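Colleague: I'd like to learn how to read helix packing. Could you walk me through it?

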Amino acid sequence: MNAAATEADHHHGPAPGLMRWVTTTNHKDIGTLYLWFSFIMFFIGGLMALIIRSELFQPGLTIVDPHFFNQMTTMHALIMIFGVVMPAFVGLANWMLPIMVGAPDMALPRMNNWSFWILPFGFGIMLSTLFMDGGGPAAGWTLYPPLSLQTGDAFPYLIFSIHMLGVSSIMGAINIVATIMNLRAPGMTFMKMPLFVWTWFITAYLLIAVMPVLAGAVTMLLTDKFFGTSFFNAAGGGDPVMFQHIFWFFGHPEVYILILPSFGLVSEIIPTFSRKRLFGYSSMVYATASIAFLSFIVWAHHMFTVGMPLTGELFFMFTTMLIAVPTGVKVFNWVSTMWRGAMTFETPMLFALGFVVMFTIGGFSGLMLAMTPIDFQYHDTYFVVAHFHYVLVPGAIFGIIAGVYYWLPKWTGNMYNETLGKWHFWTSTVFVNILFFPMHFVGLAGMPRRIPDYAVQFADFNAIATIGAFGFGFSQILLLVLVIKCIRGGDKATDQVWEGAQGLEWTLSSPPPYHSFSVQPVIK
């Protein structure tokens, strides 16, 4: 057991069987719980996506009721954001942050346990809304009033579950900030921290700043529905557009919460397989901080079509385009790191490269959407769906998968099956593009999102996208098989996990000094 374990554990050792996982305060155990929880939710959210794509395979209302279709779009988004990407990042942080900064555990181990165990109950409540009278929420993950206020008995349960997920996120973020601030090994100054630590440090501040904003917005929805207030009800002097402002003040920093830790993961992996130091370490740190700062002043670019003043539209257009600068710095630094490096293409590197290429595609379509007059045309079409899915699937999810492959040998002591890993990469990459690329075309042609039926001219591209969805979904089973095989055995991982690493540690940290994860930093 580690230093931060409870007094009882010191006397009696780890609790037996199931209770070990329920009561654990060990950062590695909790990291493992987060990662498995995220993986389970990934398949549940993915199943919902397949229901959505099955309905859209052909024009006409073919499989599901339109209300159920809208419930699926709402639930799919809430689960993928709060149940998959965020818990996976927190799991990776739990596992690796203490090790990377030379800490014995997370700073607040009991709170760490609590912040995980809130999640299964929160999502249990959220999923149970699908079985209540009137069904679950069908207002999209943005929950805009007045549509969201028409949800039946399930509404308070949905709001309560969102509060639980928010509490979990805030506690996880506080824990990460406390660990980085207080438990770094002597000599590890801020500008010597690995980039994964830096990106999570900045992400944690974003979470602490914006999760309460979401909590406030959904609480105002709740009082509008049950307590006679009129925050968003025009008949009582309220303004439904105010909800959009509050929501997106949370929602825009949230999309960076969903991608910044992936930037950190990729910044660890690319130097390792290029066998070079990361190019421009300090500029990467400042770029991450700039992205976080700018994310607070661009929220209304989600709202160009609500009728805001021209001055407002210009302000949000220019600030949004400004975010492309630090993001571009990151992409150029990754490419410069690989430039003339002794590159090899193991599975983590393949996913990292896929991330860089496809995240950049999502970035370019984001730059298009940043321009107000163009956004007027694209708003609420499938072009927007294509844009954010390119950022979040081959972006955030590929970053997470790259991190999992990168650290699996460290976690399990066994090497994963490289052939299976490469199959997983290529099937995922081919199908993810078959799935999301055609959405750009139907979006530019005017197909609206969140609607279960469409005009017949969009049929071919939708059929292609649905085939891609099933291909991508089923190729994730390869990852499940690979992880289970790796846990159960395989070649033993050595200190020098990546063959031909020429004396570099396989977990080469971004800045100097080099440190080996098999040895705790010495405290003099």
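Modeller: Angles under 35 degrees count as roughly parallel, over 145 as roughly antiparallel, 65 to 115 as roughly perpendicular and the rest as oblique. This is a predicted model, so local features need pLDDT of at least 70 and side-chain atom pairs pLDDT 80 or more, while totals for chains, interfaces and linings use all residues. Residues are numbered from 1 along each chain as its sequence is written, and side-chain values use heavy atoms, without hydrogens and water.

Colleague: How are H4 and H6 oriented to each other, parallel or antiparallel?

Modeller: Two packed helices are described by the angle between their axes and the distance between the axes. Axes are lines fitted to C-alpha atoms, for helices over the stretch in contact, with angles from 0 to 180 degrees between N-to-C directions. Helices are DSSP runs (H or I, at least four residues), numbered from the N terminus. Here helix H4 (residues 66–101) meets helix H6 (residues 155–182) at about 20°, with axes 11 Å apart; H4 and H6 are therefore roughly parallel.

Colleague: Which residues of H4 and H6 make the contact?

Modeller: Contact means heavy atoms within 4.5 Å. From H4 come Leu78, Phe82, Met86, Ala93 and Leu97, and from H6 Leu158, Leu165, Ser169, Ile176 and Ile180.

Colleague: At what angle do H6 and H7 cross?

Modeller: The axes of H6 and helix H7 (residues 195–226) cross at roughly 155° and come within 8 Å. That makes H6 roughly antiparallel to H7.

Colleague: Is Ser267 buried or exposed?

Modeller: Buried means under 20% relative accessible area, exposed over 50%, partly exposed in between (1.4 Å probe, protein chains only). Ser267, in helix H9 (residues 260–274), is buried, because its relative accessible area is 1%.

How values were computed
Helices (H or I, at least four residues) and strands (E, at least two) are DSSP runs, numbered from the N terminus.
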